[in-house]
Amino acid sequence: MALARYLLLSGGYLRPAWMLRDIYRVMTTQLDPIVLFFVLGLAAGVLKADLRLPQPIYEFVSTLLLLSIGMKGGIELARQPALAIAGELVIVVAMGCLLTLLAFAILHWVGRLGRIDAAAVAAHYGSVSVGTFAVGVAFLGRAAIPYEPQMPLFLVMLEMPAIIIGILIARGLHAATPWGEVLREVVLGRSVMLLLGGLAIGAIAGSEGLEPVKPLFFDLFKGVLAIFLLEMGLIASDHLGGFRRHGLFLVLFGVGAPLLFAAIGIGFAQLIGLSPGGAILLATLAGSASYIAAPAAIRSAVPEANPALSLTASLAVTFPFNLLLGIALYQQAVEYFYG
Amino acid sequence: MTDPTHPLRKLVTVITETSLERDLTRELEAHGVRGYTITDARGRGEHGSRSSSWGHSGNIRVEIICDAPLAESLMQRLRAKYCQHYAMVLFAHDVEVLRPDKF
């Protein structure tokens, strides 16, 4: 609580010693131990230890995560009137577009990145990270905070608009842009397929129908997430070198953007009327940056953008920040605004 | 070089980003290539370390056996289309093949 007040409201009278103490307290008391697996991966990567998970493991583990997140939402969603959510989805998509434009404005006019690179990075920050969302879900589970079942649907809806806007800013309505290919890449990409597939399976089969697969998808969720985070730590360590080349601004942006965007996310959560749990997750989504769907789509549609810029910021700064501090911070901010 | 016992063809090898796979294979087929082999690869080069540990961070290695004129035009085409913005290494060498009609 105190920390949120400091970071959000203290403005003129920041007291660094207190702040450090608060940060330490948040990290030791509120941090989900699962995040330690990320730290292990990061450390192993930085030390160049002999630790490397084969790619199929990463794919398997992320498939499990996407399906369980989808199925969990689907089971609950089936109990709700579908039409009520349509309006919320429109607002959430509008938020995604707003965040992308805002990210572009900051990167281009404050950070002085060229139009193409700024648009590419903005596409990553307007889009979302499933890994961060999964950690947010685990965080809420641990704190026993309930959240709306439509959150996985928001996750799906937020992935795409930012990428399209990013490409539009970079290219204009250029005839040569392979739009079919881009849409295919995003709509038929693994994450959207598996999340929507999981939602559908959850909705159709329901809680009892999924009882036989529950041990794998739900009971093992945190174990699977731990392996996923170990791998993410290794991946993030690969991108740490980007700092030296791309400078301080990118680091500042990688930390500042999630804070600002999460605050906007909380605003939108209040607009939609989400519960505190839903608001924490929407803030987490808004504050997260894509590192799977956006890089792939941007790489094929805007090849002249430097992929190292986006990946360094999103993987080496924003993802660890959200894990280690961001999510706990968003929870405190939500408590403050909702309290 | 001594006379080869079998007919000669060109083996074109392309090492490039995993994310190009779909686009590249379409290009190959459009160019009249009859077959190719793709393997996952990793390594280090001008674009940094390509560790292949996840999704799009890896490389692929595409091997194509074809006759010399096709190999030449294919390499020119790939160079023009991809080399400016993508990590790509292109090379060719002579190989002896047992069934020349296949390539």
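Visitor: In what order do the four strands of the open sheet in chain B stand?
Guide: In this predicted model, the pairing within the open sheet is antiparallel. Strands are DSSP runs of E with at least two residues, helices are runs of H or I with at least four, and both are numbered from the N terminus. Two strands pair if DSSP finds at least two bridges between them. The order in chain B is β2-β5-β1-β6.

Visitor: Which are the edge strands of chain B?
Guide: An edge strand here pairs on one side only. In chain B these are β2 (37–41) and β6 (88–96).

Visitor: By what angle are neighbouring strands of this sheet turned against each other on average?
Guide: Axes are lines fitted to C-alpha atoms, for helices over the stretch in contact, and angles run from 0 to 180 degrees between N-to-C directions. For this average, direction is ignored. The value is 20°.

Visitor: Which strands of the sheet does helix α2 of chain B touch?
Guide: Helix α2 (residues 68–82) of chain B packs on the sheet, and its direction makes about 15° with that of β1(B). Two residues are in contact if their C-beta atoms, placed from the backbone, lie within 7 Å. The strands touched are β1, β5 and β6 of chain B.

Visitor: Which residue stands opposite B:Ile38 in β5(B)?
Guide: β2(B) and β5(B) run antiparallel and are joined by five bridges. Across from B:Ile38 stands B:Val62.

Visitor: How many buried residues are there among the five residues of β2(B)?
Guide: A residue is buried if 20 or more other C-beta atoms lie within 10 Å of its own, exposed if 12 or fewer, and partly exposed in between, with C-beta atoms placed from the backbone. Over the 103 residues in chain B, buried residues make up 25%. β2(B) is hardly covered, and its count is zero.

Visitor: Why are α4(A) and α8(A) described as oblique to each other?
Guide: Angles under 35 degrees count as roughly parallel, over 145 as roughly antiparallel, 65 to 115 as roughly perpendicular and the rest as oblique. Helix α4 (residues 55–77) and helix α8 (residues 151–171) of chain A have axes 8 Å apart and pack at an angle of about 125°. The two helices are therefore oblique.

Visitor: Which residues of α8(A) make the contact with α4(A)?
Guide: From α4(A) come A:Ile69, A:Gly70 and A:Gly73. The residues of this contact divide into four nonpolar, two polar and no charged; Ala, Val, Leu, Ile, Met, Phe, Trp, Tyr, Cys and Pro count as nonpolar, Asp, Glu, Lys and Arg as charged, and the others, Gly among them, as polar. On the α8(A) side they are A:Met151, A:Pro152 and A:Leu153.

Visitor: Which residues of α14(A) meet α8(A)?
Guide: The axes of α8(A) and helix α14 (residues 276–287) of chain A come within 11 Å and cross at roughly 20°, so the pair is roughly parallel. α8(A) contributes A:Met151, A:Phe154, A:Leu155 and A:Leu158. From α14(A) they are A:Gly278, A:Leu281, A:Leu282 and A:Leu285.

Visitor: How are chains and residues labelled, and which pLDDT limits apply?
Guide: Residues are numbered from 1 along each chain as its sequence is written, while chains are lettered from A and ligands numbered from 1 in the order in which they are written. In this predicted model, totals for chains, interfaces and linings use all residues, side-chain atom pairs count only at pLDDT 80 or more, and local features need pLDDT of at least 70.
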